[in-house]
Every structure is written in C-alpha cells, then in structure tokens.
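Work through the exercises below with the sequence and the model open. Each task is followed by a solution in steps.

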Amino acid sequence: MANALVFIDNPGAALKKSSLELLTIARSLGETAVAFTGELNDDVAATLGAYGATTVYQPSVDDLDNYLVGPKAAYLAAAVAASGATAVLVDNSPEGKEIAGRLGIKLNAGVITDVVGVEADGTAHKSVLAGSYNTTAKATTPVTILSVKANNVEPAPAGAATAPATATVEVPAEGLANSARIAARTEKPVSGRPDLSEARIVVAGGRGVDGDFGPVEELADALGAAVGASRAATDAGWIGHDAQVGQTGVTVSPQLYISAGISGAIQQKAGMQTSKVIVAINKDAESPVFEIADYGIIGDLFKVLPQATAEIQKRKG
Amino acid sequence: MKIVVLVKHVPDAQFDRHITGPGNTTDRDESILSELDEYALEAALQLAEERGGPKAGNEVIALSMGPSGAVNAVKKSLQIGAYSGVHLSDDALAGSDAAATSLALAAAIRHISADGRPVDLVLTGMASTDGETSLIPAQLAERLQFPQVTFASSLEVSGGQISARRDAGAFSETVEAQLPAVVSVTDQINEPRYPNFKGILAAKKKKIAALSLADIGVDASQVGLAGSWTVVESAEARPPRTAGTIITDDGDAGIKLVDFLAAQKLL
Ligand SMILES: Cc1cc2nc3c(=O)[nH]c(=O)nc-3n(C[C@H](O)[C@H](O)[C@H](O)COP(=O)(O)OP(=O)(O)OC[C@H]3O[C@@H](n4cnc5c(N)ncnc54)[C@H](O)[C@@H]3O)c2cc1C
C-alpha cells in the first residue's frame, strides 16, 4: 500500500524539475506510487525508480489528452483506489489544480492548492492574500489532495533506487462523458529560456521598455533567467501573454526578481511578492515597486540593464 | 438562454486584507465585487444580447453566496446589467471551503433550474481575488456533472454547443462542450462595461431572490466549517516587505547592481 500518489502528466522524454520535487516530497510522506500518463520511456522509468517510486500506474486508454481534465480526474481517482494512497500530489498548474478539484469531489477529499511545504502528517503550508499571510491547512478527510508549487524543495533521489512495478488502471467510461473535448491544439513557440513559473531568476519588463524587450532579454540570458512582463507590456503586444506575471498571469517565487520599467501595481505585486530578492529599476522614484524592492535603482532601464549585462559577461570572463 | 454568473464579494485588494476568527477566515468588512467576475458578467451579457436580450426570453442571473454584505456584489452586478439576482445566505455557510461552497452553489443552481427552465450556462471568473484557488468551477462542474471549460479567452455558443479558446501552458487550444456547461473566463476575454446612471436606476427595480439553505435543500452539516474537508489551522501575517537600499543612477548603477547580486550570491 502506497502512502502517497504523485500525478505525472505526459512528461515526454524527461521528468520536469517540478515532478522531481513532488516525488521528493512524496517520499517524506511514506511509500510512493506514481499515476502516469503518456509514453513511459526507459529514462523516465529509471528516474522514477531513482526517486523511490514503488509502483507506476498507467491508464487503460491513451486519449485522455483529447479532453479537458474530466477523464484525468477519473483516472486519478481509480489510481488512488488501486494504490490505497492517502495523500495525492499534483503540480500547481491551472490544469493540476482543476484535476485536484474534481478528484476531491469524487473522493470526498479535502484539496489544498498553492502549497509551498508539506509536513510528514500531511499538514500543508501556503501563503494567501497575495503573500500577506502564511497559513497552515490540513484536510480532515481520509485522503488529502495537495497541489504543490514549484521551487520549494531541492529534488533529491532516494537513498536506494527501486525497480518500480507497473500496473494498468481501468479508466471509468463516465470520465469521458460530460467532458469538454479539445477540438484543436497548437504548440506555442519555445524560447529556450527556463520556464517562467519554475525559474530561479526572472527578469521582467513593463511599459517602460517601450516596445523593446531586447535589454530585458539580454540581461535574462546573461543570468540564465526567464523573461517576465507586466500586463501593460503583454496587452501592448510586445511579448506573449504567457510572460505576464501577476494576479491574472503567472505567479512566480524565484530567488531573484528583477523588475524593469514596471510601476508595481497591486495586481503585478500579487504575482511576485514572495520572490526572495526583488530588484527594481524605474525612472520614477515614486513608483510603488520601490516599497517592496530590496535593491532599487532610480534610473533609465536602457542604460542600467545593458551596463549590468556587460559587467556580468566581463566577470564571467 | 438562461445564464447564471457567479459573483463573489471579496475584500478589496487595494487595502490591507486580514484573516480573523476561530476558523481563520477572511475579514469581509471592506468588500467589493471580485473584479475578475466582471469579465464573466460581461461575457454573459454579450451572449444574452446577441440572442435578443430579455425580450427574447434570455436570462442573466447574478448569484452570490455569502453573508448579508454579499448582496452588494449582486446589486453591483444588477447595476452593470445582470437581469436579476440571487443571494444565498445562511449563518451555517460561514467558513465553507471550496468543497462545501461548490456543494451549496450546485444546490442553488439546481434550485434556479427548478422553475422548468434549466440553466444552460454557468459563468465564473478565472479565480476569486481572495482565495484564488480556482477550484470552484471544476468542483461545481463535477457536482453538477456538467462539462467544464476553464480559462476561456473567447466564447461562442451555437446549437447547444459551446466553443472556446484557451491558453494551456505550452499550447493554445480550441475546446468544445455540450451545454449545460460551467465556463470560467480570463481577463483577456472582453472589456467589462461600467454601470451608468441609467443602469443604477434600473437596478433598483430588478429582483433579488433571497435563498436560505432550507430553500435549496442543503443541511447545515454539509456546509460551513462543519461540512468543509479542509481546516486552516493557523494564519500568521507576514511582516510586510520593507524597502531596501535605493540608489539613483549616476552612470554606474548597472555595475553596482552586479556588485549587489554578487554579494547576495545570485550570480
Ligand atoms: C483585473 C485585472 C488584472 C490584472 N492583472 C495583472 C497581472 O496579472 N499582471 C500585471 O502586471 N498587471 C495586471 N493588471 C494591470 C495592472 O493594474 C497595471 O496596469 C500594470 O501592471 C501596469 O504595468 P506597468 O507597470 O508595466 O505599466 P505602468 O503602470 O505604465 O508603469 C510603467 C513604469 O515604467 C517606468 N518607466 C518608463 N520608462 C522607463 C525607463 N526608460 N526606464 C525605467 N523605467 C521606466 C515608469 O516610471 C512607470 O513606473 C491587472 C489589472 C486588472 C484590472
């Protein structure tokens, strides 16, 4: 009997760092099983073993991706029953949270989202109200479902690797009924930069970049960072909506957030105020972003960013 | 079409927000209509107007669950243009988590459907601006056994079918579902209208139905702290971030920035 079940959705050729983090947390809860979807290639299977998974479940049907979350929740419910797990861990993506939500109703289980830490008894830590409160919450039900934010534990393999058993889980037919169907899907261009929600460093630009994200991107590349943006910049079409950080964009919690030409409206702050270190570059000394910056520079981003980029390159040699 | 829009009364994010009381719940004294729900309301009004508005039998019903003050979210929705309102309120609802909230809302929607005209569409914002869990649309859909379409950035309804565009991580998607459905919309979908003087006057004549748990056939033990499946054990205010060092660029701020990053071991 597993204690914890980790949902890993279509990882492709390698597991994402956030999945390794879930596996690391799961081990602290006890014996770990994985509910997997998509092609399970040998490398991925070996990594699951290295992270201590004892059983890897796979669905009996392979068209779960053609629907919005309903069938995945149905599959996961069946995998919980098969594994006997009392804690289910999913990632904190919009889809992960929805699967968690539906699964909660199916299993009469409490769901806690946006989790940043889990204790051995399943107590979860999260911050709420745009980072203004730290809370601990707990499910009062036999099964606990947690959607966990990335970047809160260091992924660590198990002391001894396992050779996980595989098992197929029958996906209940009613999971497909009453679900929205995906009629068309286009892949967005990939940037080669780290994923915004998981990046250790984010460099973000706002209306102040005035249509030119060049200096922001160059500093990001010198730091190995992801590029973010304010809504003013994405609404202007200077960069894709995916880059938007904030209440209605991506929530980030990196080690370092560099904000350039962003005023720091409440909706923008909501997405980044749990960053460890915040640096702000803005021409206007009155900008609210300076209220939360650890290091603020009153100046022109078109001078400050290129100079910093050149200096980093010089020091790296 | 009969459309229900979920509208939540939430603490205004422009001010400090507080968690209080034995259940560690949010203080709702300074509350407003959650701004993300305005996009759902606008989407509902557009769908109804395309179909000839109220005269053609369309309905846009703003539904809020919450204490007495929550009726203000319904009133604001009526001023913006919702045709009628429903306020579900009961002392036993206090402290409901997402699971208990979705149970009560599902029962309210069944009640609203019970007049012989079933609800075709439930529209919601992408998240509330207080709890921000985004769980309600999915949990409501599961309870009603409706398809869910979430984070829609465009929406079309024809012939009993809904079609929406959404951004999903690495993909852009077009999704389709049969009505009745639960749909959450993002702030990309439209530009919400403001209440005007005419709307404010008209709102005074619109009906708000007050529902209690007894009206919707829900027992007090199923909702509130008693019916919730999660508890918030503790809540501690984080010390607000304080401003750090602020310098004015004298021509070498980029270099000073790199010194700072090096000192913080961030390079
Ligand atoms: C429902 C809703 C949801 C929202 N969600 C989000 C969200 O998720 N994310 C988000 O970001 N916003 C969001 N917003 C918008 C938010 O309220 C602000 O409008 C937005 O963040 C402003 O972006 P900005 O700071 O880039 O632009 P502005 O407020 O115009 O600020 C630009 C700043 O750049 C500075 N500047 C200009 N030129 C330079 C230069 N050369 N060098 C240095 N500084 C310069 C200026 O001094 C100014 O402070 C939302 C709003 C609503 C209503």
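A crossing is called left-handed if the near helix is turned anticlockwise from the far one by less than a right angle, and right-handed if clockwise. The model is predicted, so local features need pLDDT of at least 70 and side-chain atom pairs pLDDT 80 or more, while totals for chains, interfaces and linings use all residues. Residues are numbered from 1 along each chain as its sequence is written, chains are lettered from A in the order in which they are written, and side-chain values use heavy atoms, without hydrogens and water.

**Exercise 1.** Describe how helix 5 and helix 8 of chain A cross.

Step 1. Helices are DSSP runs (H or I, at least four residues), numbered from the N terminus. Axes are lines fitted to C-alpha atoms over the stretch in contact, with angles from 0 to 180 degrees between N-to-C directions.

Step 2. The axes of helix 5 (residues 214–223) and helix 8 of chain A come within 9 Å and cross at roughly 25°.

Step 3. Angles under 35 degrees count as roughly parallel, over 145 as roughly antiparallel, 65 to 115 as roughly perpendicular and the rest as oblique. Helix 5 and helix 8 of chain A are therefore roughly parallel, and their crossing is left-handed.

**Exercise 2.** Describe how helix 8 of chain A crosses helix 8 of chain B.

**Exercise 3.** Find how many salt bridges join chain A and chain B.

Step 1. The rule asks for a side-chain nitrogen of Lys or Arg within 4 Å of a carboxyl oxygen of Asp or Glu.

Step 2. Across the interface it finds 8 salt bridges. B:Glu176 forms one with A:Arg181, the closest N and O atoms being 3.2 Å apart.

How values were computed: Helix = DSSP H or I, 4+ residues; strand = E, 2+ residues; numbered from the N terminus.
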